[in-house]
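Hi,

Here is the structure I said I would pass on to you. Have it open while you read, and my notes on what turned up follow below.

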Amino acid sequence: MGGDGVLSSYDTGTPSPARMYDYFLGGKDNYDVDRAAAEQVKAAVGDMLCHATVWENRRFLQRVVRHLAESGIDQYIDLGTGLPTQGNVHEVAQEVVPDAHVVYVDNDPIVLAHGRALLATNATTTVITADVRDPDAILGHEDLRALIDFSRPVAVLSIALFHFIPDEDDPAGIVAAFRERLAPGSYFALSHLTTDGTPAEELERVVEVYRKATSPIVFRPPEEIASFFAGFELVEPGLTRPWKWRPELGPEGPQTDSLYAGLSRLPVD
């Protein structure tokens with residue numbers, strides 16, 4: 001696939017978190033190496049927990065986007081978007097704001113290939129291949145700048161992403177780089193795997209599986225996850241389990257102790 005060169009740098013020999021996530025969601029855009037790694041994660045923490053965690057994340061994302069769209073936000077940057085699946089950001093946002101602009105960002109070239117097909121007729125949504133560890137490359141990307149006006153509020157979404165960013169890659173600095181470009185009234189949403197709630201031996205088995213993938217995985221305590229919101233004001237109910245975040249907005253997701261999540265807003269002077 002990818003005769004146009006889109007997938008020229010595509011690595012099918014190493015497990016990809018995006019493709020493993022797709023497998024956990026029941027998708028088909030994954031390879032034997034991804035499925036084998038995902039099955040090792042299932043063996044470590046159980047099939048039910050894997051399934052519940054990814055869908056808990058997905059439902060949190062959908063509720064956040066609906067809340068933002070109903071609050072008038074019409075610009076979105078979805079970092080580490082992963083492979084397309086039902087209920088994407090643009091689908092949820094554009095139900096409320098038909099001309100909402102959405103930019104999907106992922107470092108896996110297969111996401112671009114699938115995104116081009118998915119969004120062929122959607123002029124206000126695009127996909128770019130870039131690595132969140134290089135925020136300047138994202139913020140300066142011509143396709144992003146064509147759709148996003150940083151003089152107005154923007155929602156930056158980081159769902160199930162920063163647990164793939166180790167401390168040496170300065171995750172707090174990455175968030176700060178985006179925050180510094182955002183207009184007052186912009187939003188930042190995040191969900192993150194946590195050490196709080198899962199036995200240490202299970203966490204270590206998962207960490208070991210992801211050492212062999214294209215990105216490692218890092219479980220963090222809630223106070224460290226909270227620190228990523230520095231400079232923003234958390235929106236009620238604050239940092240919480242994803243399933244506890246505004247469940248009345250639907251759709252409801254599974255309930256686990258695997259994650260913490262929150263939505264925050266850049267203060268308006």
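What radius of gyration would a compact globule with 269 residues have, and what does the protein chain have? The globule would be near 18 Å and the chain has 17 Å, which agrees. That radius is taken over C-alpha atoms, and the globule rule is 2.2 Å times the number of residues to the power 0.38.

Before the rest, some ground rules. This is a predicted model, where local features need pLDDT of at least 70, side-chain atom pairs count only at pLDDT 80 or more, and totals for chains, interfaces and linings use all residues. Residues are numbered from 1 along each chain as its sequence is written, and side-chain values use heavy atoms, with hydrogens and water left out.

**Overall**

Along the principal axes, the C-alpha atoms fill a box of roughly 45 × 45 × 35 Å. The chain has ten helices and seven strands (DSSP runs numbered from the N terminus: helices are H or I with at least four residues, strands are E with at least two). Of the 269 residues, 54% count as buried; buried means under 20% relative accessible area, exposed over 50%, and partly exposed in between, with a 1.4 Å probe and protein chains only.

**The sheet**

Seven strands make an open sheet with mixed pairing, in the order S3-S2-S1-S4-S5-S7-S6. Two strands pair if DSSP finds at least two bridges between them. At the edges sit S3 (125–129) and S6 (233–234), each pairing on one side only. S5 and S7 run antiparallel and are joined by seven bridges. Look for leucine 190, which stands opposite glycine 262 in S7.

Now find H4: this helix lies across S1 (75–79), S2, S3 and S4, and runs at about 170° to S2. (Axes are lines fitted to C-alpha atoms, for helices over the stretch in contact, and angles run from 0 to 180 degrees between N-to-C directions.) In H5, the buried residues are Pro109, Ile110, Val111, Leu112 and Gly115, and their cover includes S2 and S3.

**The cores**

In soluble globular proteins, nonpolar side chains tend to be buried together. A nonpolar core here is a set of buried Ala, Val, Leu, Ile, Met, Phe, Trp, Tyr and Cys residues joined through side-chain atoms within 4.5 Å. The largest one has 32 residues, and Val64, Val65, Leu68 and Tyr76 are among those with the most contacts inside it. Several elements each supply at least two of its residues, including H3 (47–70), H4 (89–96) and S7 (259–265). H3 gives the most, with six residues.

Which residues does valine 65 touch, leaving aside its neighbours within four places in sequence? Valine 65 is in contact (heavy atoms within 4.5 Å) with Tyr76, Val89, Val92, Ala93 and Leu157. A second, separate core has 30 residues, with Ile77, Ile165, Ile174 and Phe232 among them.

Glutamate 236 and proline 237 are joined by a cis peptide bond, with omega about 10°. Proline 237 lies in the loop between S6 and S7, and arginine 246 is found in the loop between S6 and S7 too. Arginine 246 has a positive phi, near 45°, though it is not a glycine. Aspartate 170, another non-glycine residue, has a positive phi near 55° and lies in the loop between S4 and H8 (171–179). Aspartate 170 counts as partly exposed because its relative accessibility is 44%.

Cheers
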